[in-house]
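Here are some exercises to work through with the model open beside you. Try each task before you read its solution.

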Amino acid sequence: MLSSKRFPSPNSRKNHWLIFKVTSIVDAGYYSELLVTRGSKMVLKKPAKGKKVPKGKKVAPTPAALLDAAGSSSSKKEHKEAEKQGNPLFEKRPRNTSKPKRDWAKRDLTRFTKWPRYITLQRQKALLLQRLKVPPPVHQFNRNQALKSDQAREVLALLNKYKPESKLAHKLRLKKQAEDQAAGKDTILTKKPLVVQQGVNKVTTLVEQKKAKLVVIAHDVDPIEIVLFLPALCRKMGVPYCILKSKARLGTVVRRKTCTSVALTEVEPADKNNLASLIDVIKSNYNDRFDDIRKSWGGGALSRKALARKTKLGKLKAKETKKAEKAAML
């Protein structure tokens, strides 16, 4: 049933209307809903006291036939337990990160790694230098031909005593000298401090003038042609020379990142004996071994495949010679 009554609102000056509606719900009893309309707004009010509002339609119980077909409550529990156990077609494999489950995960796959271009190039270059035959003038700059670690430490210790002064120290020294002159003090013109001479051009000039007492050359200068002539020039002029590992180590002596070669012209009287002993060792290792150095070639190292082939052929030849000797004896 639906009924509505209209009557003017007593609290309003304008012509607003109140609409009272009664709605019926099938099989669920009746309840009333009061909707107050003010203009376009609608406000819902609670039903009157004493009337119970039904929650909704009741669901009919499941027929007995269907319950028998589906099974009892105990069968439902069993079904749920079976679901929890999981399907036998799909095995559970929990992740265990401590041990790899796959055999191939243990393999070393370094051979199959795609390395960056610069890495492949430097490796190929290193291999080529091992395989190709290197002439003696170039091979004398090999890492293995450089000074031993104990001798290198002694040479560097001596060179570090004659490090060139830094820019700040040079500036402060000149400033102090200028202040003394301005104050009218008796200043004696001091000589420049003794330092090592650096750079290929400077070292070459000193060797040609026979002013250099010791020349130290880096082994890893690139391109090597920059210092390739220096050992021969030092031998010709009778100047002791040595080859030191790493141009970076030589660079630290002269406050630079790298340095190709350095030369000592003068030392303090306290270091003269130390220099003389170093010169004797260096001459015996480099200047006096001129004939050995000019005959020793580098490179020519075979790969593992080539070595295996060579040994195999050697064994076959030895076998054939033994057979020939036995046949000759008979």
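**Exercise 1. Work out the strand order of the four-stranded open sheet, and say which strands stand at the edges.**

Step 1: Reading across the open sheet, the four strands come in the order β6-β9-β7-β8, with mixed pairing. Strands here are DSSP E runs of at least two residues, helices are H or I runs of at least four, and both are numbered from the N terminus. Two strands pair if DSSP finds at least two bridges between them.

Step 2: The edge places go to β6 (197–198) and β8, and each has a single partner strand, so one side of each is left without a neighbour in the sheet.

Step 3: Now take β7 and β9, which run antiparallel and are joined by four bridges. Across that pairing, V216 sits opposite V262 in β9.

A word on ground rules: this is a predicted model, where local features need pLDDT of at least 70, side-chain atom pairs count only at pLDDT 80 or more, and totals for chains, interfaces and linings use all residues. Residues are numbered from 1 along each chain as its sequence is written, and side-chain values use heavy atoms, with hydrogens and water left out.

**Exercise 2. Follow V216 from its contacts into the largest nonpolar core.**

Step 1: List what V216 touches (heavy atoms within 4.5 Å). Leaving out residues up to four places away in sequence, you get V155, L159, C242, L244, L250, T260, S261 and V262.

Step 2: A nonpolar core is a set of buried Ala, Val, Leu, Ile, Met, Phe, Trp, Tyr and Cys residues joined through side-chain atoms within 4.5 Å. The largest one has 45 residues, and V216 is among those touching the most other members, along with L159, V207, V215, V227, L250 and L264.

**Exercise 3. Is T204 buried or exposed, and what does it touch?**

Step 1: Find T204 in helix α7.

Step 2: Check its relative accessible area: at 13%, T204 is buried. The cut-offs are under 20% for buried, over 50% for exposed and partly exposed in between, with a 1.4 Å probe and protein chains only.

Step 3: Beyond residues up to four places away in sequence, T204 touches F229, L230 and L233.

**Exercise 4. Describe the largest pocket and its lining.**

Step 1: On a 1 Å grid over the protein atoms alone, a pocket is an open set of points with protein on both sides within 12 Å along at least five of seven lines, and lining residues have an atom within 4 Å of a point. Points are joined across faces, edges and corners, and volume is the space filled by probe spheres set on them.

Step 2: The largest pocket comes out at about 670 Å³. Among its 17 lining residues, K125, L129, V138, F141 and N142 are the closest to its centre.

Step 3: Ask who supplies the lining. α3 (117–131), α4 (136–139) and β10 (298–299) each give at least two residues, and α3 has the largest share, with four.

**Exercise 5. Which residues line the second largest pocket?**

Step 1: This pocket has a volume of about 280 Å³.

Step 2: Its lining is P164, E165, H170, R173, K192, P193, L194, V195, Q197 and T265.

Definitions and conventions
Contact = heavy atoms within 4.5 Å. 1 Å grid on protein atoms, 1.4 Å probe; cavity = no way out; pocket = protein on both sides within 12 Å on 5 of 7 lines; lining within 4 Å.
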